[in-house]
Amino acid sequence: MKFSVPSIPVVVLVCFVLCDPGLLKGAQQTPVSERRLVANSRSSLGTQKNLTASVRVGDLNADGNIDVVVANGRHWPQQNFIFLNQGNARFNQVWLLGTNHSTSYASEIADMDGDGDLDIVVGNDMAPNLLFLNNGRAEFQQGVPFGTVSSVRSLTLSDLDGDGDVDVLVTCRGRQNYFCLNDGKANLGTPRPFGEQDDSTIDVVVADFNRDGFNDLILANRDRQQNFILLNDGNLGFGQKIPFGSGRDATRSVAVADLNNDGNLDLALANIGEPNQILFGNGKGGFSGSKLLSDYRNNTYAVAIADMNKDKIPDLVFANAGQPNAMFLNQGDGMQYVVSRFGEPEARTYGLVINDVNGDSYPDVLTANSEALNWVYLNRAKGNVKN
């Protein structure tokens, strides 16, 4: 059987506003530690074009290399996969995750049972969510169902109750969101609701946004619904809400970090049909200002934050559908960015993850593409495109 691998641009563009008037007006023309994200024909995760919605990473077999879990299907059952890293971002072994096909929107990785290895949690659309426990060699027991069958769109793993183990938050579009507390041995308890019954939540981040010592929930809501921060009362009650955004946004993803170096957490929003945006936190649960990240409408499905050029300043990476993906290098104040674009413009990138997969200490980007190949983009200095 013959197959063809499409040629991939090393990078679509590196811009400093002059090459695209739709980019940031405040971007500098002189970059700081400029980087680019590159791929070649061997950088794909396999050769199948699945309905991929999520890609996540972790050292699953404890060999010192970062492996990859790919969640496929969305509304249609497909096989999920584990790609084992042979070193230097060579993903030459592919294992099946589970024996059944699933309608998977999300996979997350953490040590759920406290035995020192990484387990996998999978969220499925209108099918049981599954917990896969690792024996330490990336061999996983058959998935154990948890939670409630619903229109799952994302999972977030966090120690929500502060007892030292990892709990699971589940977002459900147009239905009740919920979380399940872990007893420390991967027994996930009875689902407990958060938010409203009909929230169209696509993403949730756990962070102490108002600096009161309790982890709050930051919701990205789609379908022109209001986005909210749900403040934690200290007893896992989330009744007090702080709205953010315009109130009619179609927000698919939110990421949290101190982007302007004032000691307060800020929000980066990935929006559909409108500009992406940064909201600068004031440390008290409110906002001191904002920054639009483009002059035109985006079709952005995910945002992640990492220090991409090792200047100790957090940067932004956006996953787009029908547009190139974009890396925004923060010039220090959260207002000015150097922008580079990467990936295939026609792809629908549902998600991405940032991690150093080739061991050079610079974070790389892996993309989850629906009906297209998934790619590993290595983080290189400008002019260095060797793979």
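**View 1. Pairing of strand 17 with strand 18 in the predicted model.** In this predicted model, strand 17 (residues 227-231) and strand 18 run antiparallel and are joined by 5 bridges. Leu230 has Lys241 of strand 18 as its bridge partner. Both strands belong to an open sheet of 4 strands, ordered 15-16-17-18 with antiparallel pairing. Strand 15 (201-207) and strand 18 (240-244) stand at the edges of the sheet, each with a single partner strand, so one side of each has no neighbour in the sheet. From one strand to the next, the twist averages 20°.

**View 2. Strand 23 and its partner strands.** Strand 23 is largely enclosed by the rest of the structure, because 7 of its 9 residues are buried. Strand 20 (residues 266-274) runs antiparallel to strand 23 and is joined to it by 2 bridges.

View 3. Strand 24 is mostly covered, with 6 of its 6 residues buried. Asp315, Val317 and Ala319 point one way from the strand, while Leu316, Phe318 and Asn320 point the other way; all are buried. Strand 24 pairs with strand 25 over 3 bridges in the antiparallel sense. Leu316 of strand 24 stands opposite Phe328 in strand 25. The hairpin of these two strands has 4 residues between them, and Gly322 takes a positive phi near 70°.

**View 4. The largest nonpolar core.** This core holds 18 residues, of which Leu37, Met308, Val317, Leu352, Ile354, Val365 and Tyr377 touch the most other members. Two or more residues each come from strand 23 (298-306), strand 24 (315-320), strand 25 (325-330), strand 26 (337-342), strand 27 (348-355) and strand 29 (375-381). Strand 23 gives the largest share, 3 residues.

**View 5. Surroundings of Leu352.** Leu352 is one of the core residues that touch the most other members. Leaving aside neighbours within four places in sequence, the residues in contact with Leu352 include Val55, Arg56, Ala302 and Ala304. Val317, Phe318 and Ala319 are also in contact with Leu352, as are Val365, Leu366 and Thr367.

**View 6. The ring pair of Phe328 and Tyr337.** A search of the whole structure finds 9 aromatic pairs. In the pair shown, the ring centres of Phe328 and Tyr337 are 6.0 Å apart and the planes are at 70°, so the pair is edge-to-face. Phe328 counts as buried at 4% relative accessibility. Tyr337 is buried as well, with a relative accessible area of 0%.

**View 7. An aromatic cluster and two charges over rings.** Phe179, Phe194 and Phe238 form one aromatic cluster. At another site, the charged end of Arg35 sits over the ring of Tyr362, at 3.6 Å from the ring centre. The charged end of Arg153 sits over the ring of Tyr105, at 4.5 Å from the ring centre.

Note on methods: Residues numbered from 1 in each chain as written. Predicted model: local features only at pLDDT ≥ 70, side-chain atom pairs only at ≥ 80, totals over all residues. Heavy atoms only, no water. Core = buried A, V, L, I, M, F, W, Y, C linked by side-chain atoms within 4.5 Å. Buried < 20%, exposed > 50% of the residue type's maximum accessible area, 1.4 Å probe, protein only. Contact = heavy atoms within 4.5 Å. Pairing = 2+ DSSP bridges. Axes fitted to C-alpha atoms, helices over the stretch in contact; angles between N-to-C directions. Phe/Tyr/Trp six-rings, centres within 6.5 Å; stacked < 30°, edge-to-face > 60°. Lys NZ or Arg CZ within 6 Å of the ring centre and 35° of its normal.
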